Amino acid sequence: MQTKEELITIENLDEGEVSERVNAEIKKALENLMDKNTPTKKAREVTLKIKFIPQDDDREFFGMVAEVSSKLAPRSPIVTRGIVGKEIGGEIKAREILSGKREQMGLFDNVTPIRKERTDA
């Protein structure tokens, strides 16, 4: 709780809520910095914006709006491969290829390869 003599600081603004939000955004930025799925060279930012809004013509009262935000590095896209085929009954099945090898294909036991029909008969 703020005493009469206490000036407004980030630490006591809204009973510490602004400071807590700034610290939470700093934590997010540091976690993002350590994430190996983000670019190493991109800067992370934490921004605190405080607006002071006069409430009367005598400028005795004012309102405050505090906004805390961060700009983090985007996570790298996930790239993978898959294989698709048709089962004997005609149902299409698709699986991700985890090993990167076609031999992983115990995936489609009842699959017939999709072939183009010959037109030169």
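Reader: How many residues does α1 have, and how far does α1 reach from its first C-alpha to its last?

Author: This is a predicted model. In it, α1 has 18 residues and reaches 26 Å. At 1.5 Å a residue, 26 Å is also what is expected. The two values are close.

Reader: What else does the chain hold besides that helix, and in which pattern?

Author: The secondary structure comes to 1 helix and 5 strands. Along the sequence the pattern reads α-β-β-β-β-β.

Reader: Why is N32 called buried?

Author: Its relative accessible area is 10%. Buried means under 20%. The value for N32 falls under that cut-off, so N32 counts as buried.

Reader: Where is N32, and what does N32 touch?

Author: N32 is in helix α1, residues 17-34. Leaving out residues up to four places away in sequence, N32 touches T38, R44, L72 and A73.

Reader: Which residues of α1 are buried?

Author: V18, S19, V22, E25, A29 and N32.

Reader: How do you know that they are on the same side of α1?

Author: Look at the arc around the axis. They cover only 145°, which puts them on the same side of α1. There is a general rule behind such patterns. An α-helix has 3.6 residues a turn, so residues three or four places apart point the same way.

Reader: What do the buried residues of α1 pack against, and which residues are exposed on the other side?

Author: The buried residues pack against β1 and β2. On the other side, E20, K27 and M34 are exposed.

Reader: How many aromatic pairs does the structure hold?

Author: The structure holds 1 aromatic pair.

Reader: What makes F52 and F62 a pair, and why is the pair called tilted?

Author: Take the distance, then the angle. The ring centres are 6.0 Å apart. A pair needs centres within 6.5 Å, so F52 and F62 qualify. The planes stand at 55°. Under 30 degrees would be stacked, and over 60 would be edge-to-face.

Reader: Which parts of the chain does the pair link?

Author: Distant parts. F52 is in strand β1, residues 45-54, and F62 is in strand β2, residues 62-71. They are 10 residues apart.

Reader: Why is F52 called exposed, and why is F62 called partly exposed?

Author: F52 has 54% relative accessibility. Exposed means over 50%, so F52 counts as exposed. F62 has a relative accessible area of 42%. That lies between the cut-offs of 20% and 50%, so F62 is partly exposed.

Reader: What makes β3 and β4 a pair of strands, and in which sense do they pair?

Author: Strands pair if there are at least two bridges between them. Strand β3, residues 82-87, and β4 have 5 bridges, and they pair in the antiparallel sense. For G85, the bridge partner in β4 is K93. The hairpin of β3 and β4 has 4 residues between the strands, and in this hairpin G90 takes a positive phi near 100°.

Reader: Where is I97, and is I97 buried or exposed?

Author: I97 is in the loop between β4 (92-96) and β5 (111-112). Its relative accessible area is 10%, which is under 20%, so I97 is buried. I97 and I83 are 14 residues apart in sequence, and their C-alpha atoms are 6.7 Å apart in space.

Reader: How much of the chain is buried?

Author: Buried residues make up 15% of the 121 residues.

Note on methods
Residues numbered from 1 in each chain as written. Predicted model: local features only at pLDDT ≥ 70, side-chain atom pairs only at ≥ 80, totals over all residues. Heavy atoms only, no water. Helix = DSSP H or I, 4+ residues; strand = E, 2+ residues; numbered from the N terminus. Buried < 20%, exposed > 50% of the residue type's maximum accessible area, 1.4 Å probe, protein only. Contact = heavy atoms within 4.5 Å. Expected span 1.5 Å × (residues − 1). Arc of directions from axis to C-beta.
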